[in-house]
Amino acid sequence: MKMRMSKRMKKTLIVILKAILVIVILIGLFLAVVFIVNRISNKSEQGKIEPYGQSVLVDGKNMNVLIQGQGEETVVLLPGYGTAAPALDFKPLVDELSPFYKVVVIEPFGYGLSDGTEKERSTENIVSEVHEALQSLKIEKYILMGHSIAGIYGLDYVNKYENEVSAFVGIDSSVPTQGGMDEELPIETFKLLKKSGLVRLQMKLSADPYAGLPFDDYTKEQMRMLTLKNMLNPSTLNEMKNFNPNFKAAQKLTFPKNLPLIIFIEANNTDVEGWVPLHEAQVKNSTHGKVIQFEGGHYLHHTKSKEIVESFRGFMEEIK
């Protein structure tokens, strides 16, 4: 009886081991297919991405900018972290601003059609590069308008170039003291996910992030391809690595008292504790400071561009 049980157990173990081996082989084949499809798709999409804007030479590399509108005053737009194609993503806002202003969208290194860079993504370097781009374009007086993390870079920028910036506008902009920016992020894991093709697969299986938004199919497809090209690239991963020191450095800064400052924020942000009071504290000591809340998501310029521009223009008229 014991001998029969032993043989039966061996047969069971063999079946289990064979099943595990088959599963391992199938997983390996699946990952190999995902990797190969990603490599082929990356090469194919390179030829399908249509150029827009113009390049300026910054630190020996090409930085892409989009200019629209003929207004006497200039608005410079800076993107939030990881916005793969800023000039396309900002389109609803650019279209609302451009009848009244000359609008300049900056695509920092690693974003949009700009080159990547091996230079550390410190606030100091990013701010210096944006300034160099504007100097190359001979733009010397402007309103700075930034989304998300541009609130951190913009804070440094307006202190360094106070004589050039006539106002700062935040679009759900980051605050130096917001919580969660000291967490260690799995950057090596992100690199592996990007290289493996699993990021592409995840995007393929996800819902359309632009569904219901004012983007045509062509623009959405261009943004999709640029997202796959730029997401988790070496430049933006290095920027991610610098989140903690960049936010810490910004804690020493405040907006200049006499600089007009208006910040549009998401009214019901549940991800960051104290989102509204954090921004109210930022404008508290400004001679011309204002916080306006909107119902909407973090990318307020996707759904509230008209309201943002109307409120911004009204604010600028009030302080004249």
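Q: Which residues lie nearest the centre of the largest pocket?
A: In this predicted model, local features need pLDDT of at least 70 and side-chain atom pairs 80 or more, while totals for chains, interfaces and linings use all residues. Numbering runs from 1 along each chain as its sequence is written, and side-chain values use heavy atoms, without hydrogens or water. The pocket (an open set of 1 Å grid points over the protein atoms alone, where a 1.4 Å probe fits, with protein on both sides within 12 Å along at least five of seven lines) has lining residues with an atom within 4 Å of a point. Its lining numbers 32 residues, and those nearest the centre are M203, P209, Y210, T227 and M231.

Q: Which element gives the most to the lining of the largest pocket?
A: Elements here are DSSP runs numbered from the N terminus: helices (H or I, at least four residues) and strands (E, at least two). Two or more lining residues come from each of α7 (198-205), α8 (217-230) and α9. With seven residues, the top contributor is α8.

Q: How many of the 11 residues of helix α5 are buried?
A: Let's look along α5, residues 150-160, which is mostly covered. Buried (under 20% relative accessible area, 1.4 Å probe, protein chains only) applies to A150, G151, I152, Y153, G154, L155, D156, Y157 and V158. Of the 11 residues in α5, the number buried is nine.

Q: Which residue in β2 is the bridge partner of V58?
A: Strands β1 (54-58) and β2 (61-68) run antiparallel, joined by five bridges; pairing takes at least two DSSP bridges. They form a hairpin with two residues between them, and D59 in the turn has a positive phi of about 55°. On the β2 side, V58 is partnered by K61.

Terms used
Buried < 20%, exposed > 50% of the residue type's maximum accessible area, 1.4 Å probe, protein only.
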